[in-house]
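Colleague: I am new to this structure and would like a close look at a single part of it, the place where the two chains meet. Please take me through it step by step.

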Amino acid sequence: MKVIKAIYNFIVGDMVILLGVIITVIILALLNFVPVFAVFRVASGVILIVAVLVILLTTLSREISPRG
Amino acid sequence: MQWAVASAAFLASAVEFVEAFTIVLVVGVTMNWRSSLAGAFAAAATLAVIVATLGVTLVKFVPLDVLRLVVGIILILFGLKWLKKAILRYSGIKALHDEEAIFEEQMAEIRARGEVPEARFMPFGVALSYKAVLLEGLEVAFIVITFGSSAATTIAQQTSGIASAALGAAVAGVLVILVGALVRAPLTKVPENTLKFIVGIMLTSFGTFWAGEGFKVDWPYADLFIVGLAALYLLSSFVLVLWLRQVKQHRELETSSRNTAVHVQK
């Protein structure tokens with residue numbers, strides 16, 4: 001457990017960023033590998049950029065929230 | 001020589017080496033320079049071995065598409081982490097990194113242990129110096145490997161990419177040591193926050209670009225699009241800094257008016 005925590009802290013150390021990036025990767029993987037979503041594949045780049053900005057905004061909002 | 005890769009590695013390394021140098025300096029001043037430098041050089045050698053073995057393994061055995069996707073995702077994680085810290089510091093929500101305060105704190109800790117300067121090797125000093133350089137340098141080693149191995153399309157270019165990144169990191173290391181040796185004090189004048197901000201933007205931009213390529217995104221204007229990404233992230237970060245400053249000011253006003261109200265009631 002200590003090793004996992006050390007790796008997590010070393011690479012990211014922020015649950016919002018980690019979850020946000022994982023969700024984005026899953027969405028992009030679905031667009032790329034599931035034929036039903038193929039029509040949205042062209043928007044992959046835009047989705048990735050918007051996701052990065054949303055993740056940044058969310059993690060900063062969490063930092064300034066009364067609990068954060 | 002791949003300049004974008006070398007400069008990104010240089011900037012990232014400069015920040016981390018300044019942080020590591022503070023601890024090396026503390027050990028040098030409070031115990032002795034022999035222990036301090038032995039720990040620092042041992043850590044540098046460990047980092048060189050990590051870069052050489054891991055870098056070559058990645059380049060040789062992992063296909064470029066897979067490598068770019070994984071590296072892109074890791075760089076986005078790293079980049080967002082650095083960018084978040086830099087934005088919070090610029091907006092005044094988090095205190096700026098203060099090397100002098102860290103220096104004093106470490107000095108006090110070592111003095112509290114009862115360590116006195118001696119000429120012989122002091123295991124605690126070697127270990128402290130080694131740990132500081134290794135931990136700060138690991139992130140740099142990671143950036144060197146990921147940046148260097150992804151910024152090219154052929155194995156030869158990938159190897160040259162790792163070499164460029166390693167050179168950038170080494171130059172930063174030598175520069176920090178030289179300036180530190182001359183100043184003999186914590187390097188407080190280095191604009192650590194600005195460097196962190198620039199590196200955060202670079203890592204996030206390259207990360208987005210490579211992760212996108214891993215998902216077969218056809219970026220307009222090819223590699224030139226990275227500049228556009230950097231500009232977009234830079235602009236967004238400035239907007240976020242302004243927004244956070246406003247939030248902070250608003251809170252401070254609220255607190256002071258609440259305090260005044262309580263004072264009047266009394």
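Modeller: In this predicted model, buried residues account for 24% of the 68 residues of chain A. The secondary structure of chain A consists of three helices and zero strands, and along the sequence these follow the pattern α-α-α. The radius of gyration of chain A is 15 Å, well over the 11 Å that the globule rule gives for 68 residues, so chain A is more spread out than a compact globule. Taken along the principal axes, the box that the C-alpha atoms of chain A fill is roughly 40 × 30 × 15 Å.

Turning to the part you asked about, 24 residues of chain A are in contact with 25 residues of chain B. On the chain B side, the elements that each give two or more residues are α3 (64–90), α7 (192–214) and α8 (225–265), and the largest share, 11 residues, comes from α3(B). Sorted by class, this side of chain B has 18 nonpolar, four polar and three charged residues.

Within this contact it is worth looking at one pair of helices. Two packed helices are described by the angle between their axes and the distance between the axes. By class, the contact of α3(A) with α3(B) has nine nonpolar residues, one polar residue and two charged residues.

One further detail of chain B concerns the loop between α7 and α8, where both B:K216 and B:Y221 lie. Most residues other than glycine have a negative phi. In B:K216, however, phi is positive, near 65 degrees, and in B:Y221 phi is also positive, near 60 degrees.

Notes:
Residues numbered from 1 in each chain as written. Chains lettered and ligands numbered in written order. Predicted model: local features only at pLDDT ≥ 70, side-chain atom pairs only at ≥ 80, totals over all residues. Contact = placed C-beta atoms within 7 Å. Helix = DSSP H or I, 4+ residues; strand = E, 2+ residues; numbered from the N terminus. Nonpolar A, V, L, I, M, F, W, Y, C, P; charged D, E, K, R; others polar. Rg over C-alpha atoms; globule rule 2.2 N^0.38 Å. Buried ≥ 20, exposed ≤ 12 C-beta atoms within 10 Å, placed from the backbone.
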